[in-house]
Amino acid sequence: MKQLNKLIDHIVNRVNINLREPLVDVGPFIKDLIPRNSFALYYAFYSLTATHPLKFHFRHSSVGGTYFLGKCVVDHSILHKSDIRGDELKRKGHVVDCNGHNIKLRDDEVINIRDSFLMKTLVHNNSHDPENLEVFKISNTVSLHYANIHGTSVEGCFLEPFSTVDLSICHDCAIGAYSYVQAGELYHKRIRPGRIWVKADGAFEFNYQFPTEILDKYIRIEKSRPKGMFMDFFDERKEDFIPIYSAVNPENMIDIPEGASVSPYAVIKGTCKVDKNVLVAQRAYLEDSTLGPGSNAQENCYIINSVYDGEDVTAHGGKVIYTHLHRNVFVGFNSFLNGKKECQIEVGAGSIIMPHTIIDTQETVKIPDNCLVWGYISKQEDLEMHSIPLTDFAALKGQFRLGNLTFEGIGAKFVDGFRHRIEHILECNGAFWDGSDETAGHAQQTQDISFNILQPYPEGDLKGLYPELSIDPLEPSEL
């Protein structure tokens with residue numbers, strides 16, 4: 001295990017050099033975070049389909065329990081039980097509009113992770129970095145439990161648990177626990193825990209700050225370790241994943257209709273039903289719930305005792321318990337809709353639950369149709385300070401303040417941007433599939449999925465590292 005220890009020290013030094021301005025030492029967070037013997041226990045798996053280009057390269061790295069899809073390169077990094085989704089990597093010849101300039105890709109886009117430590121992190125590409133269109137980069141970065149790196153290149157960053165960087169390009173930043181950042185290029189920023197920040201230059205800026213006394217109940221850092229209700233929630237259910245990850249080819253215990261896809265690496269418990277064009281991703285958790293047509297449960301989503309009417313989106317890490325979602329509801333990243341049997345949640349059609357929203361009920365909560373919801377809610381009256389009809393929000397111009405929320409700019413651009421993105425998610429996931437190739441999405445394109453199982457060295461100096469592997473098949477034109 002000598003080489004594994006040297007690799008951890010190497011990553012700490014590389015990341016700390018980048019973070020010397022935000023003044024963060026990542027060493028205490030990742031040293032001894034994972035028991036050393038665990039590195040040699042878990043296999044990684046590389047997903048193979050007929051529709052995703054094949055390429056993977058792992059060198060002097062540990063990738064235990066990690067899922068890969070698409071073209072991926074990992075050098076001098078540790079990835080532990082992460083999800084690296086390359087299902088939206090751009091292809092050679094694809095034309096990208098960058099500030100009015102049409103740029104043609106010279107090669108297929110590749111996810112390249114270097115000198116980084118990703119712990120139970122979701123990486124989903126849809127790169128928006130015009131300077132690196134062929135490479136989706138994550139370098140010199142530490143990301144902790146259930147953070148999301150989505151649609152961005154990240155260099156020299158530290159992401160605390162349950163944080164999200166979304167559609168941004170981050171350089172030398174520290175992102176606090178349960179913060180959500182979608183704010184364009186960021187340099188040398190330190191984002192407070194529990195900040196929800198959405199910014200589009202020249203259009204709008206949305207800011208919400210969770211009160212510390214509330215956030216600490218759900219997620220906090222104690223002696224460099226995550227604590228709180230969120231961690232307890234995952235820990236109480238982690239053993240449910242052991243049987244499926246102990247099998248090379250786990251079987252689904254649910255009827256899957258045409259056009260739908262349920263990952264064999266998702267947990268299905270109790271009586272569950274999925275309708276046509278539903279997508280249930282790996283590491284999702286479904287218990288005694290119904291997903292209507294075109295709905296989805298993305299990675300690290302937990303849907304328990306809930307009903308989705310149809311075309312409902314649960315973004316990465318969303319947790320939905322004792323909740324009824326009417327049609328076309330969006331539940332954002334890492335949101336926590338914690339209804340109870342005696343005080344459930346009902347979300348009206350067309351409503352948007354902002355990323356990193358907490359609804360933890362003390363009484364029944366009913367959200368009307370077409371509402372924007374954010375922040376912390378436990379009672380019906382809390383909606384007065386934490387929701388607004390989407391038509392009213394779209395009419396905003398200038399400055400607006402409500403409780404801990406501040407908004408400045410053009411509300412219509414904010415609402416239209418969200419609506420467009422939700423439609424894009426549904427299209428990409430295959431929610432509108434009608435049997436044609438033109439409307440096929442992830443739910444249809446992953447039905448023929450199979451897995452390469454990758455195992456680490458079990459003993460010796462290289463224990464816990466994975467043998468150097470490189471597969472880059474020839475293009476058809478080269479055969």
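**Inside out**

The largest nonpolar core has 58 residues, and those with the most contacts inside it are Phe206, Met354, Leu372, Trp374, Phe393 and Phe414. A core here is a set of buried Ala, Val, Leu, Ile, Met, Phe, Trp, Tyr and Cys residues joined through side-chain atoms within 4.5 Å, with buried meaning under 20% relative accessible area (1.4 Å probe, protein chains only). Helix H8 (residues 411-428) gives the most to this core, six residues; helices are DSSP runs of H or I, at least four residues, and strands are runs of E, at least two, numbered from the N terminus. Leaving aside residues up to four places away in sequence, Phe414 touches Val198, Phe204, Phe206, Met354, Leu372, Phe393 and Phe407, contact being heavy atoms within 4.5 Å. There's also a second, separate core of 33 residues, including Trp197 and Leu454.

All this is a predicted model: local features need pLDDT of at least 70, side-chain atom pairs count only at pLDDT 80 or more, and totals for chains, interfaces and linings use all residues. Residues are numbered from 1 along each chain as its sequence is written, and side-chain values use heavy atoms, leaving out hydrogens and water.

Now find the open sheet: six strands, paired in parallel, in the order E5-E10-E13-E16-E19-E22. Pairing takes at least two DSSP bridges between two strands. E5 (78-80) and E22 (190-191) are the edges, each pairing on one side only. E10 (residues 117-119) and E13 (residues 142-143) pair over two bridges, and Phe117 stands opposite Val142 in E13.

Zooming out, the protein chain has nine helices and 51 strands, and 60% of its 479 residues count as buried.

Definitions and conventions: Buried means under 20% relative accessible area, exposed over 50%, partly exposed in between (1.4 Å probe, protein chains only).
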